[in-house]
Amino acid sequence: MNPLHHRIGELLTTRFGVEPATIRPDSTLDELHLDSLALVEFAEVLQSEFDVTISDDDISQTASLDDIAALLTAMGAPR
């Protein structure tokens with residue numbers, strides 16, 4: 001995993017209790033058991049961590065870590 005994927009994974013494990021072994025670049029947020037409330041909280045954590053603005057439509061439960069990393073990169077987050 002690249003550094004951005006790694007940092008997203010760290011946030012998922014430390015803030016949302018996701019088991020590190022379940023995190024892969026193609027893992028979806030649904031597969032990682034983030035419900036709709038956790039999804040909103042996760043978007044807020046990403047905004048704070050990467051200094052970006054994420055709308056409710058930018059991330060869904062079907063988004064993979066690859067999708068999230070691509071979104072953050074497009075928004076100017078460091079890779």
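1. How much accessible surface does the protein have, and what share of that surface belongs to carbon and sulfur atoms? The accessible surface comes to about 4600 Å², and 48% of it belongs to carbon and sulfur atoms, with areas taken from the Shrake-Rupley method using a 1.4 Å probe and, for residues, counting only the protein chains shown as cover.

2. On provenance, this is a predicted model, in which local features need pLDDT of at least 70 and side-chain atom pairs count only at pLDDT 80 or more, while totals for chains, interfaces and linings use all residues. Residues are numbered from 1 along each chain as its sequence is written, and side-chain values use heavy atoms, with hydrogens and water left out.

3. On overall architecture, the protein has 3 helices and 0 strands, and its pattern along the sequence reads α-α-α; helices (H or I, at least four residues) and strands (E, at least two) are DSSP runs numbered from the N terminus. The radius of gyration is 11 Å, close to the 12 Å that the globule rule gives for 79 residues, so the protein is as compact as a globular protein of that length. That radius is taken over C-alpha atoms, and the rule is 2.2 Å times the number of residues to the power 0.38. Along the principal axes, the C-alpha atoms fill a box of roughly 30 × 25 × 20 Å.

4. Among contacts with a separation of 6 or more, 59% are accounted for by residues 24 or more positions apart, a contact being heavy atoms within 4.5 Å.

5. Leaving aside neighbours within four places in sequence, Leu72 is in contact with Leu4, Ile8, Leu46, Phe50, Val52, Ile54 and Ala77.

6. On backbone geometry, two residues deserve a look, given that most residues other than glycine have a negative phi. His33, in the loop between H1 and H2, has a phi near 65° and is exposed, with a relative accessible area of 70%. Asp51, in the loop between H2 and H3, has a positive phi of about 55° although it is not a glycine, and Asp51 is exposed at 72% relative accessible area.

7. On other loop positions, Thr53 lies between H2 and H3 and is exposed, with a relative accessible area of 65%. Beyond four places in sequence, Thr53 is in contact with Gln47, Asp58 and Met75, and its C-alpha atom is separated by 11 Å from that of Gly76, 23 residues apart along the chain. Glu31, in the loop between H1 and H2, counts as partly exposed at 43% relative accessibility. Not counting residues up to four places away, Glu31 touches Arg24 and Asp26, while Glu31 and Ser64, 33 residues apart in sequence, are 9.0 Å apart from C-alpha to C-alpha.

Technical notes
Buried means under 20% relative accessible area, exposed over 50%, partly exposed in between (1.4 Å probe, protein chains only).
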